[in-house]
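Please look over the sequence and the structure before reading on.

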Amino acid sequence: MGTNLGIFGAGYAGLVTSACFAELGHTVTAIDKDPDIVARLSDGTPTIHEPGLRELLARNLESGRLRFTTQAEDAIAASDIIFLCVGTPPRADGRADLGQVEEVARTIAPLLDGYKLIVEKSTVPARTARWIDWTVRRLAGPEREFDVASNPEFLREGSAVQDFLHPDRIVIGADTGRARSLLRDLYEGSFDCPIVVTSVTTAELIKQTANSFLATKISFINMVSNLCEELGVDVTTVARGVGLDPRIGRHFLNAGLGFGGSCLPKDLSALIRVAGDHGVDVSMLREVERINAARIDRLLAKVEQALWVPRQKVIGVLGVAFKPDTDDIRGAPSFAVVTRLHDAGAHLRVFDPAAMPKLKALYPPNDRLTYVESAFAAAQGAHALVILTDWEEFRSLDLNRVR
């Protein structure tokens, strides 16, 4: 028998989590403040590009296991477990902005009507749960029963549905037996993977540590790629030879423009701030950030080396999403590349299979910026072509036709 779940936030993590929990047989009420988003999702129209999501959405809306609303009171009353999937964007100082998390905690508190388990799924700094507990307890009153737990998501944009339905591990952070039991019951029987049960603070730290380590692998191979270029060595062969060692692994050893998106840069920066606040030396992690930032400079230097002066040159841009199989441009290195090439006077012809509408909203077309409908249209008449996102269709381009 399924569990009644309430999920605050219908963005990337919240929408995928809602649809997948419904697919597993649970009754899910997803809450979002934006009525336009709620209306679109209620009609079965995904607000993000994610393989397999549209089908899940349609199937579970039709079954009645999934619904979307702007009314928090209805969702809380109908739910046994409440997940927090709201955004935690970076502040100017690099720390996570927890304003949306606090807002949800303040919303939940006066609406508690019996025991509820409140679960962080958003990526948050260690000890955030203590603040959620303090906020709810202060506003709800001492007679209200609830627990706060952590159950971080490990979803990769572009494969988030598969990652949820076929996880490599599940992390449960809970400090009471009741909370541990509820989360175990939610997952056990549906997934054949290790379940790590630990304290709330440990679970919070696991997520940020995982993303910071992945960022470190990317910066490491990008540093090695710089050396490979100087030595005339193929970095892909070096990465394969290194990655076949099971202690290291092949994933996240692809040299390129560096990491972006809404997770790795934010979580690395937040971990640096949290560790620094506690007197821990984070010089290694700062170097990871520095190497990553320098990748854009290195790419633009290559463009200038090939074209000399970018001004008045036509440059085709393939890919603006921060990774393939998504339309997300948050934190995408491509945005900085497009901006700097445009500022340098280049004429840009941009194509991305999914993310162009989002870039257009931020960077409307003008006399030196054109959005085109294919990779070959981007290459037409171009002096150079820069590939910023490794979509599979770019990997398999007919290069003779491009020439």
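## The chain as a whole

The model described here is a predicted one. Its chain contains 17 helices and 12 strands. Along the principal axes, the C-alpha atoms of the chain fill a box of roughly 70 × 50 × 40 Å. A compact globule of 403 residues would have a radius of gyration near 22 Å, and the value of 23 Å for the chain agrees with this.

Of the 403 residues, 48% count as buried. Where contacts in the chain join residues at least 6 apart in sequence, 73% of them join residues at least 24 apart.

## Helix 9 and helix 11

Helix 9 comprises residues 200-231 and helix 11 comprises residues 264-277. The two pack at an angle of about 110 degrees, and their axes are 8 Å apart. Angles of 65 to 115 degrees count as roughly perpendicular, and helix 9 and helix 11 are therefore described as roughly perpendicular to each other. The crossing in which helix 9 passes helix 11 is left-handed.

On the side of helix 9, the contact is made by Leu 205, Lys 207, Gln 208, Thr 209, Asn 211, Ser 212, Leu 214, Ala 215 and Ile 218. Helix 11 contributes Leu 264, Asp 267, Leu 268, Ala 270 and Leu 271. Sorted by class, this contact between helix 9 and helix 11 has 8 nonpolar, 4 polar and 2 charged residues.

## Helix 5 and helix 6

Another helix pair is formed by helix 5, residues 99-108, and helix 6, residues 128-140. Their axes come within 8 Å and cross at roughly 30 degrees. Because angles under 35 degrees count as roughly parallel, helix 5 and helix 6 are placed in that class. Their crossing is right-handed.

In this pair, Val 101, Ala 105 and Arg 106 of helix 5 meet Thr 128, Ile 132, Thr 135, Val 136, Arg 138 and Leu 139 of helix 6. By class, the contact of helix 5 with helix 6 has 5 nonpolar, 2 polar and 2 charged residues.

Asn 60 is part of helix 3, which covers residues 53-63. Its relative accessibility is 0%, so Asn 60 counts as buried. Leaving out residues up to four places away in sequence, Asn 60 touches Ala 19, Ala 22, Glu 23, Arg 65 and Leu 66.

Val 282 is located in the loop between helix 11 and helix 12, the latter being residues 283-307. With a relative accessible area of 9%, Val 282 is buried. Apart from neighbours within four places in sequence, Val 282 is in contact with Ile 272, Ala 275 and Gly 276. Val 282 and Ile 272 are separated by 10 residues in sequence and by 6.0 Å in space, C-alpha to C-alpha. Val 320 belongs to the loop between strand 9 and helix 13, residues 333-343. At 1% relative accessibility, Val 320 counts as buried. Not counting residues up to four places away in sequence, Val 320 touches Ile 329, Ala 332, Ser 334, Val 350, Asp 352, Ala 355, Met 356, Leu 359 and Thr 389. Val 320 and Leu 183, which are 137 residues apart in sequence, lie 38 Å apart in space, C-alpha to C-alpha.

Most residues other than glycine have a negative phi. Trp 308, which is not a glycine, has a positive phi near 70 degrees. Trp 308 is found in the loop between helix 12 and strand 9, where strand 9 spans residues 314-318. The relative accessibility of Trp 308 is 73%, so Trp 308 counts as exposed.

Gln 312 also lies in the loop between helix 12 and strand 9. Although Gln 312 is not a glycine, its phi is positive, at about 70 degrees. Gln 312 has a relative accessible area of 47% and is therefore partly exposed.

Definitions and conventions: Residues are numbered from 1 along each chain as its sequence is written. This is a predicted model: local features need pLDDT of at least 70, side-chain atom pairs count only at pLDDT 80 or more; totals for chains, interfaces and linings use all residues. Side-chain values use heavy atoms; hydrogens and water are left out. Axes are lines fitted to C-alpha atoms, for helices over the stretch in contact, and angles run from 0 to 180 degrees between N-to-C directions. Helices (H or I, at least four residues) and strands (E, at least two) are DSSP runs, numbered from the N terminus. Angles under 35 degrees count as roughly parallel, over 145 as roughly antiparallel, 65 to 115 as roughly perpendicular and the rest as oblique. A crossing is left-handed if the near helix is turned anticlockwise from the far one by less than a right angle, and right-handed if clockwise. Contact means heavy atoms within 4.5 Å. Ala, Val, Leu, Ile, Met, Phe, Trp, Tyr, Cys and Pro count as nonpolar, Asp, Glu, Lys and Arg as charged, and the others, Gly among them, as polar. Buried means under 20% relative accessible area, exposed over 50%, partly exposed in between (1.4 Å probe, protein chains only). The radius of gyration is taken over C-alpha atoms; the globule rule is 2.2 Å times the number of residues to the power 0.38.
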